[in-house]
Amino acid sequence: MNVYDTVRMHDVMAPLGYTPSDSYEDADMVILNTCHIREKAEEKVYSDLGRIRKEKDSKSAGGSKMLVAVGGCVGQAEGAEIIKRAPYVDMVFGPQSYYQLPEMVTRAMRGRGEVVELDFPQVQKFDMLPEVSDSQGVSAFLSVQEGCDKFCSFCVVPYTRGAEYSRPMAAILQEARKLVDGGAKEITLLGQNVNAYHGDIGQGDRTASLADLIDALAQVGGLERIRYTTSHPRDMSDDLISIHGSEAKLMPYLHLPVQSGSDEILKKMNRKHKAELYFDIIDRLRKVRPDIALSSDFIVGFPGESDQDFEDTMNLIRKVGYGSAYSFKYSQRPGTPAAVDENQIDELVKQERLARLQALVHEQQTAFNQSFVGKTIKVLFDRSGKLDGQLLGKGEYMQSVYVTGGEGLRGTIADVKVTGGFLNSVTGEVVN
Ligand code: 5AD
Ligand code: SF4
């Protein structure tokens, strides 16, 4: 979502003559669009700021000015504290207020004190943003829902992104058409809790579900692939599960975080579901789409997690079998209930559990990628690989696929015969 927001910041700043730059040296303004989800992400902001300060200092020694802004969730969570700690920062703003960037920049240029915008305005930022630019290329992101009302006890999102909001369906379809006109063949619908989507359709209280939205999007000519992320098990409604079996444009891949396999821990996490519900959803998904690839997020070392709780998570992973997964050590986030739990887990125990969990997931991931060797898969090529003449694309199941040659295939979907399967990618040869 930060990638999407960053693209939208470009849209907001373009009328003022600002264009994206690849380096700090060429920049009149640097915006850090930040993440607050774990401590590590937050620390990174301050180390990046240190480097940016040097650039700003050498610019001002040469008589020119560089504005420095911290946007996103660290901005939202820490506000003016950031300017106290790093006084060379000119602007701080949260994820809901970046539509006000032109005004903030004007204020900062005039040098009238610090510029801090943290309100969750009554107006929706989406209504205030200019029409989307067509710069996202063949694979595009589209935010359809933002914020979260779930309040998992470890998570800062409900505080930094605010309450759940769904964009009206018509606005989303219009943006999708614009993206497709600009060359998008794949759109990933984004939301912190995207399957809680319930968008206005201009018929009183009636709203569209995510399945309704996918159904409408599938009618957009030229759009070939639809994905959505991130979902909550509690919101995997019947219509959403069933559209996985009926809509060919909806890719056979689902990122459905479960966080833990222990009911005790799920309860403490305030996840509002048990492991059983998760298994049930997976069963139903596989009934309608047997080849669906699954992905999840896991947190290890949540306060009070016993050896047995952790084994329950390992057993859940063995039972489900993942194509990929993301896993994290629990990180205490200020202001969240779990942060003040007395039963914090020792760092070494967290490390050991994370290593074991990742070893298991990596085994599954490698086996998944190897299962495609000898098969022909459809790949959307969207970028160059690291090596000369190499192209990188995405398979339907979300794997990274490398081929050599075929520069002309960039931006197209081509058949690839898989020759090798590895931990994070597959390699192959273009067929025909
Ligand atoms: N500590 C560790 N991981 C976290 N996540 C969210 N909050 C925390 C935290 N405090 C993880 C969850 C979520 C993903 C985006 O980040 O697994 O699904
Ligand atoms: Fe955070 Fe996701 Fe839980 Fe919402 S559902 S509080 S975004 S982990």
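## Basis of the model

This is a predicted model, in which local features need pLDDT of at least 70, side-chain atom pairs count only at pLDDT 80 or more, and totals for chains, interfaces and linings use all residues. Residues are numbered from 1 along each chain as its sequence is written, chains are lettered from A and ligands numbered from 1 in the order in which they are written, and side-chain values use heavy atoms, with hydrogens and water left out.

Helices (H or I, at least four residues) and strands (E, at least two) are DSSP runs, numbered from the N terminus. Helix H1 covers residues 2–13, and its end C-alpha atoms are 16 Å apart, which agrees with the 16 Å that its twelve residues should span at 1.5 Å a residue; the expected span is 1.5 Å times one less than the number of residues. The buried residues of H1 are Tyr4, Asp5, Val7, Arg8, Met9, Asp11, Val12 and Met13, where buried means under 20% relative accessible area, exposed over 50%, and partly exposed in between, with a 1.4 Å probe and protein chains only.

Helix H2 (residues 39–61) has 23 residues, and the distance from its first C-alpha to its last is 34 Å, close to the expected 33 Å. Buried positions in H2 are Glu42, Val45, Tyr46, Asp48, Leu49, Ile52, Glu55, Lys56 and Lys59, and their cover includes strands E1 (29–34) and E2 (67–71) together with helices H3 (72–78) and H4 (81–85). After H2 comes Gly63, which has a positive phi, near 90 degrees.

## Two helix pairs

Two packed helices are described by the angle between their axes and the distance between the axes. Axes are lines fitted to C-alpha atoms, for helices over the stretch in contact, and angles run from 0 to 180 degrees between N-to-C directions. Helix H8 (residues 169–181) packs with helix H9 (residues 210–217) at about 35 degrees, the axes being 11 Å apart, and the crossing is right-handed. A crossing is left-handed if the near helix is turned anticlockwise from the far one by less than a right angle, and right-handed if clockwise. On the H8 side Met169, Ile172, Leu173 and Ala176 meet Asp212, Leu213, Ala216 and Leu217 of H9, and the residues of this contact of H8 with H9 are seven nonpolar, no polar and one charged. Contact means heavy atoms within 4.5 Å, while Ala, Val, Leu, Ile, Met, Phe, Trp, Tyr, Cys and Pro count as nonpolar, Asp, Glu, Lys and Arg as charged, and the others, Gly among them, as polar.

Helix H10 (residues 238–246) and helix H12 (residues 275–288) also pack at about 35 degrees, with axes 7 Å apart, and H10 passes H12 in a right-handed crossing. Here Asp238, Ile241, His244 and Gly245 of H10 meet Ile281, Arg284, Leu285 and Val288 of H12, a contact of H10 with H12 made up of four nonpolar, two polar and two charged residues.

Ile241, in helix H10, is buried, with a relative accessible area of 4%. Leaving aside neighbours within four places in sequence, Ile241 is in contact with Met236, Ile281, Arg284, Leu285 and Val288. Lys287, in helix H12, counts as exposed at 68% relative accessibility, and the C-alpha atoms of Lys287 and Ile241 are separated by 9.6 Å, although the two residues are 46 residues apart along the chain.

## Surroundings of ligand 2

Ligand 2 is surrounded by Cys148, Lys150, Phe151, Cys152, Phe154, Cys155, Val157, Pro158, His232 and Arg271, a residue being near a molecule or strand if one of its heavy atoms lies within 4 Å of it. By class, the shell around ligand 2 has seven nonpolar, one polar and two charged residues.

## Backbone features in loops

A cis peptide bond, with omega about 5 degrees, joins Thr229 and Thr230, and Thr230 is found in the loop between strand E11 (225–229) and H10.

Gln259 has a positive phi, near 75 degrees, in a residue other than glycine; it is placed in the loop between strand E12 (253–255) and helix H11 (263–268) and is buried at 8% relative accessible area. Asn270, in the loop between H11 and H12, also has a positive phi, near 60 degrees, and counts as partly exposed at 30% relative accessibility.
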